Amino acid sequence: MYFESHAHYDDRRFNDDRYELIDALHDKEGVHAIINIGCDIKTSLSSLSLADSYDFVYAAVGVHPHEADSLDEKSFALLKDLTKEDKAVAVGEIGLDFYYDNSPRDVQRYWFKRQLELAKEVDMPVVIHSRDAAQETFDMIKASGVRKGVIHCYSGSAEMAEEYVKMGFKIGVGGVVTYKNSKKLIETVERLSIKDILIETDSPYLAPSVVRGTRNDSSNLKYVVKKIAELKNMTEEEVARITSDNAVELFFK
């Protein structure tokens, strides 16, 4: 049984088969829980709507650094209201992205700080996006006092991953772990306890190497689990069970 900790099934690439696919993932692929992730107010709302359609789908609500300049006090107040919805289980996807810089860096920093404060206020875990901003992301989280969440699609060093774990965070591992050039992520998985890892796909993005270039979905979690099992000298069943338990602990306890 797989716990999908990060997907975007409200994405337009699923418009033709969204509900049939989610049904099949649950009934045929062993995916027993999905966290659908918001990236702005619109997708936070659509994630909640999707979650309301299924008893095994939940939502994270938040504004991605790409969309940080879309926030203002009015929309931030709405985001705060969304955290109170029954199927909302996390604040995310939030963070810093200095690779694309789709929003100015000072704007990213400001709304990341505000969303961290919101998560602390409402006592929710955070789903963190960080690209080309590893140290600053870490420093802002540490300063915020937020002590539960997942670092999505982790790309930093193994040493920093260990520091995140000490602060109470989980490390999100997806299809990238199957790529030949993912030496840092492989080292991270080898060094961490399996109890500190969540599995994810980031669907429809970042399909594992065996299906790279295709639309990703949670049926591909089995490839992530297989690679982690190889690296940790564990069975695939153990990896699936423990990472599921980890996600339940983070999002529901």
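In the predicted model, Val127 has Val150 of β6 as its bridge partner. The two strands involved, β5 (residues 126–131) and β6 (residues 149–151), run parallel and are joined by three bridges; two strands count as paired if DSSP finds at least two bridges between them. Strands (E, at least two residues) and helices (H or I, at least four) are DSSP runs, numbered from the N terminus. Helix α6 (residues 158–167) packs on the sheet, where it touches β6 and β7 (169–173), contact being heavy atoms within 4.5 Å. The direction of α6 makes about 135° with that of β7; axes are lines fitted to C-alpha atoms, for helices over the stretch in contact, and angles run from 0 to 180 degrees between N-to-C directions.

Stepping back to the whole sheet, eight strands form an open arrangement in the order β1-β2-β3-β4-β5-β6-β7-β8, with parallel pairing. At its edges lie β1 (2–7) and β8 (197–199), each of which pairs on one side only. From one strand to the next, the twist averages 30°.

Next come the pockets. A pocket is an open set of points, on a 1 Å grid over the protein atoms alone, where a 1.4 Å probe fits, with protein on both sides within 12 Å along at least five of seven lines; lining residues have an atom within 4 Å of a point. The largest pocket has a volume of about 770 Å³, a volume being the space filled by probe spheres set on the points, which are joined across faces, edges and corners. Its lining has 26 residues, of which His64, Glu93, His129, Asp202 and Tyr205 are the closest to the centre. At least two lining residues come from each of α2 (41–52), β4 (88–97) and β5. By class, seven lining residues are nonpolar, nine polar and ten charged; Ala, Val, Leu, Ile, Met, Phe, Trp, Tyr, Cys and Pro count as nonpolar, Asp, Glu, Lys and Arg as charged, and the others, Gly among them, as polar.

The second largest pocket has a volume of about 170 Å³. Among the residues that line it are Cys153, Tyr154 and Lys183, and the lining has five nonpolar, three polar and two charged residues.

Residues are numbered from 1 along each chain as its sequence is written, and side-chain values use heavy atoms, with hydrogens and water left out. Because this is a predicted model, local features need pLDDT of at least 70 and side-chain atom pairs count only at pLDDT 80 or more, while totals for chains, interfaces and linings use all residues.
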